[in-house]
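Please read the points below with the structure open beside them.

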Amino acid sequence: MTTAKPNYLNSPKGILSWIFTLDHKRIGLMYLVAIAISFALGGFFALLVRLELLNPGKLFLTSQQYNQSFTLHGAIMIFLFLIPSIPASLANFVLPLQLGAKDVAFPRLNLWSFYLYVIGAAICLYSMFAGAADTGWTFYTPYSTTTTTSVISLVLGAFVLGFSSIFTGLNFMVTIHTLRPPGMSWFRMPLFLWSIYATALIQVLATPVLGITLLLLIVERVAKIGIFDPTLGGDPVLFQHFFWFYSHPAVYIMILPAMGVISEIIPTFCRKNIFGYKYIAFSSVAIALLGFLVWGHHMYISGQSQFAALIFSLITFLVSIPSGIKVFNWIATMYKGSIQLKSPFLYCLAFLFLFCIGGFTGVVLGTISLDVHLQDTYFVVAHFHYVMVGGTLMAFIAGLHYWWPKMFGKMYNERAAVIAWGLIFVGFNVLFFFQYILGTKGMPRRYYNYLPEFQALNIVSTVGSWILAAGLFLMLGYLIHSLLKGKPAPQNPWGGLTLEWKADSPPITENFEEIHIVTGGPYEYPAATKSAH
Amino acid sequence: MQTQHEEVPHPHFMIPLKYTVGTLISLLVLAVTNVIISQFDLGIYNIVIMFGIILVMATLDMLFFMGFRWERGFHIMMFLSGFVFLFIFLSFTLSDIMYRNATDPYKMQPYGIKNLVKPLPAGGEHSERTEHSE
Amino acid sequence: MDSATGIKQHHVAHHFSSSAQEFEAAKLGTLVFLVTEVLFFGGLFVGYAILRMMYPAMFVEAASHLSWQLGLLNTIFLITSAFTMIMSVRSAQLNKRQACFYFLLITFLLAACFMGVKAIEYAQKFEHGLLPAMWFSGEGVAETLPLFFGLYFAMTGLHGIHIIVGMGLLIWLMIRTRRGEFYSGYFTPLEMVGLYWHVVDLVWIFLFPLLYLIR
Ligand SMILES: [Cu+2]
C-alpha cells in the first residue's frame, strides 16, 4: 500500500477527512457500514423472535419482550436497513460514476443526509434501552397512543430517518436531471439510474406524509389533539390511511432499486443487450406512480368502506403488470446469452425465483375475499419476507458483490461466495416457505403463543433462520478477508459497459481523469448488435 | 450535440415591477373581500366563494410571486405534482370515509365513529370510553 | 473583491460545468423540496378535511372563537412580506446592495410582526382554555370542540415554525448581502429562499380562511 496510486480511499488521509468528506464515494461507504450494523442488529432481533417460537408458550422471552423484539426487528429492518439500503449506500457510490460526473448535485446535503441517518439511528437505539416500543413497526392507533412503552422516541427516530431519505432522493433526482454527461439522453441511461429516479420520486412524494403522520402521533401522545382518537371524536382508521399512504409506496422504495441492480447485472453476465430497455425503464416509473393508489389493501379488515376496498384491490392487481413486464424482460435477456455463473449473477437468479413467489402471493393477498382470511397470518409474513428479503436483500447482496471490486479495488474469494449463496438461498427458503403453510392453516402473526400442532413447522422455520445466518456470516468473513488479503481488482472485472467500469478500481477522488462522451446505449454488447440484424 | 441546459430560457429573468405591485394589491384586496363575504350568511355559496377566492389568490401567488408565468413547464409540473398527489391522498381517503356507512346501512352515521363524547373533565384526564351514542 | 462596488465574485462549485447548470440544480432542488413541504402540510389539510366533514357544526362554532381581525392583520403582514422579498431579489439583480439589504430587513420585521400577533392570539387561547384535549378547559356547545383546537395548534404551530426558520434564513441572507455576495451575476440563495417564503405564504393563504372564516 506504500506506493499505491492515490485513490478516494487513501487520499486525503485522517479521520477528519472522512467525517467531513463531501465525496459521494466516501459517504456511500460510511452508509454501507452503518447499514450493515443496522442489519446485524435487526437480524439479531429476528433470531430472538425465531428462537422464542421454537415452542408454544415461554422459552426465554416474556410476552412483552417478545412484542418488543418483533417491533424492533421490524422498525430497524424497514427504516434503518431496507429503505436506505441500495439507494443510500450502493447508489450513492455508483450513481455519479455511471453518470461520468464528479459528484452528486448537492454534496453537502448528501453528508447531511448521512448524519441525519446517524442521528435517527441513535434515537432509535436510545428508544431500545428506554423501554422499547411494543406496537409493531406500524404504530397503529389507538394502541400506540396508550401503551406505556417508549413510542415517542422510536417515532421520532423514524421521523428523522424520513428526512434523511427525502434528502437522498432529492439529491439523486436533481443529479440525474442536471449532471448527465454529454450524449447521455434519458434513454441512454443505465437502467439502474431509471430505477433510482423512480425511487427518488416516491421518496420525495410519499415520505413527507410519513413525517406528518409520525409528528401527529407524537403530538397526539403529548397533547392529545384527537385526530386519531375515537374517544375524542377522531378516527383511528384515518391513521392507517396516513400511515399506508407512505408505507405502501415505501415498499417500492425498497424494491425498485433492487430491480435496478438486477437490470445492471443481467446484461453484464449474459454479454447481451437488455431486452426491452424502454419497457423496463417505464415500468419502473409506472410502478412508482401506481404504487400511490393501492395503500388501502393493507386495510381490508380495518373497517374501511367496501367501496374503497374494491378500488384499492383493483389497482393492486394493476401493479403486478409492470412487475411482470420486468421479469419477462430479464428472462428474455438471458435467452441465448453467453452466461457466466458468477456470484452476482447467482444472486440475481435467487432474486428472480424468490421475487416471483413473493409477487404471486402478493396478488393472492390483494384479492379481498382471500385477504379477509389471510390478513394478519403467517401467510402475510412469508409474502413480504419473500419480497423484501428474497427481493431487496438478494439484490443488495448481488449489487454489493458486483460493485465490490470497484469500491475497494479487491476481489473476493469466488468459491466462498458460491457456498455462501447456497447457504443463504437454502436457509431463506427453509425459513420462510413453511410460513406460507402455517398461514393458510391459520397461525396468526405477532402472537407470542401458538397451537401445538404448528410446532413442527415452526421448528423447521427456526432452523432455517440459523442456516441463513450462517450464510450471512460466511459472507461477512470472506468480504473482510478480501479487504485484507484479496487480489487487486482490475478496472473492469466483469466486462461491464456502463461508465463506472471506465474509472479506476478504486476510483480517484475526482472519479475520472477525462470527461466521457456517451455515444450509445448502456449495454450494447457486440454479439447483441450482430444478432439484431 | 445538444444538452438539456440550452433549454433554460432566462435563468436570470427579472419579474416586471407592474406584475409584482399588481399582485400585491390584488392579493390584499382579495383577502379583505374574503373576510367581508364571510360576515354574511349566503348559505352554500359562502364556501364556494371562499374556495374560489383562495384558488385565485394561490394562483396569483404562484404565477407572479413565484414567477411561474415565466418558468419552464417542467419546473411547474414538478411543483404542481405535489398538489396532484395530495389530491390522490385526499380523494382516496374520502372514498373510504364517505362510503363507510354503506357497510352498515342501519346506522345513519359513519361506521364506527362516535359523534358524541362526554366533555372532558377539567385538567384533561383521559375520559372514560363511552359506548355508541345511539 | 471589487473595492468600488463591494461585490464578491461567485465561483461555480467544482462538480458543475457552468453557472447555468449550477443554477438549474439549485432551482430544481428547491422546487422538489417545496413539493415535500406541500405534502407535509397537506397531511394536516387532509386531516382537517375529514374532521370538518364529520363535524361541520363544530367547526363553525370553533371559528367564532378565533379573531378574524387578528387573522386578517397577519394575512396582510405575510402578503406584504412576500412582496418585499421579491423586491430584495430584484434589487440584487440590479446590483443595488443597500436596497436589497433593507428589503430583506423589512421582510424580516414583517415576519416578526406576524409572530407577535400569533403570540397574542395564542395567549388569548390559553386564557380561555381553548387548547388541545390534554389541557382543554374552554366553554363551548359542541362536545368535539377540543378536536378543532388540536388541529388549530398543530396547523398554525407548524406554519409558525416555518416562519421562524424563514426568519433565520433571512438573517443569513442579510449577512451575506452585507458581505456583497449577491449581484446581478449571482443571487441564487436569495431567489431560493424567496420561493420558500412564497410557499409559506401560500400555506397561510389556505390556512387563514379555512380556520378563521368558516360559516
Ligand atoms: Cu401494500
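1. A:D376 sits in the loop between α13 (368-374) and α14 of chain A, where helices (H or I, at least four residues) and strands (E, at least two) are DSSP runs numbered from the N terminus. In this predicted model, the phi of A:D376 is near 60°, a positive value in a residue other than glycine. Most residues other than glycine have a negative phi, and most peptide bonds are trans.

2. Two peptide bonds of chain A deserve a look. The bond from A:T141 to A:P142 is cis, with omega near 0°, and A:P142 belongs to the loop between α5 and α6 (143-146) of chain A. The bond from A:S505 to A:P506 is cis as well, with omega near -10°; A:P506 lies in the loop between α16 (455-485) and α17 (526-531) of chain A.

3. On conventions: residues are numbered from 1 along each chain as its sequence is written, and chains are lettered from A and ligands numbered from 1 in the order in which they are written.

4. Helix α2 (residues 24-52) of chain A packs with helix α14 (residues 378-408) of chain A at an angle of about 150°, their axes 13 Å apart. Axes are lines fitted to C-alpha atoms, for helices over the stretch in contact, and angles run from 0 to 180 degrees between N-to-C directions. The contact (heavy atoms within 4.5 Å) involves A:L29, A:L32, A:F39 and A:R50 of α2(A), and A:Y378, A:L393, A:F396, A:L400, A:M407 and A:F408 of α14(A). By class it has 9 nonpolar, no polar and 1 charged residues; Ala, Val, Leu, Ile, Met, Phe, Trp, Tyr, Cys and Pro count as nonpolar, Asp, Glu, Lys and Arg as charged, and the others, Gly among them, as polar.

5. The second largest pocket has a volume of about 1,700 Å³. On a 1 Å grid over the protein atoms alone, a pocket is an open set with protein on both sides within 12 Å along at least five of seven lines, a cavity is a set of points where a 1.4 Å probe fits but cannot get out, and lining residues have an atom within 4 Å of a point. A volume is the space filled by probe spheres set on the points, which are joined across faces, edges and corners. This pocket is lined by 42 residues, with A:F106, A:L109, C:T30, C:W172 and C:M192 nearest its centre. The largest share of the lining, 10 residues, comes from α1(C). The lining divides into 30 nonpolar, 8 polar and 4 charged residues.

6. There are 5 cavities of 30 Å³ or more. The second largest cavity has a volume of about 110 Å³; of its 14 lining residues, A:F79, A:I83, A:P84, A:L161 and A:S165 are the closest to its centre. α7(A) gives the most to this lining, with 5 residues. By class, the lining has 9 nonpolar, 5 polar and no charged residues.

7. The mean pLDDT (the predictor's confidence in each residue, from 0 to 100) of chain A is 91, and 98% of its residues reach 70 or more. For chain B the mean is 75, and 66% of residues reach 70 or more. In chain B, pLDDT stays under 50 over residues 113-118, for which the model has 27 contacts beyond four places in sequence.

Key. Predicted model: local features only at pLDDT ≥ 70, side-chain atom pairs only at ≥ 80, totals over all residues. Heavy atoms only, no water.
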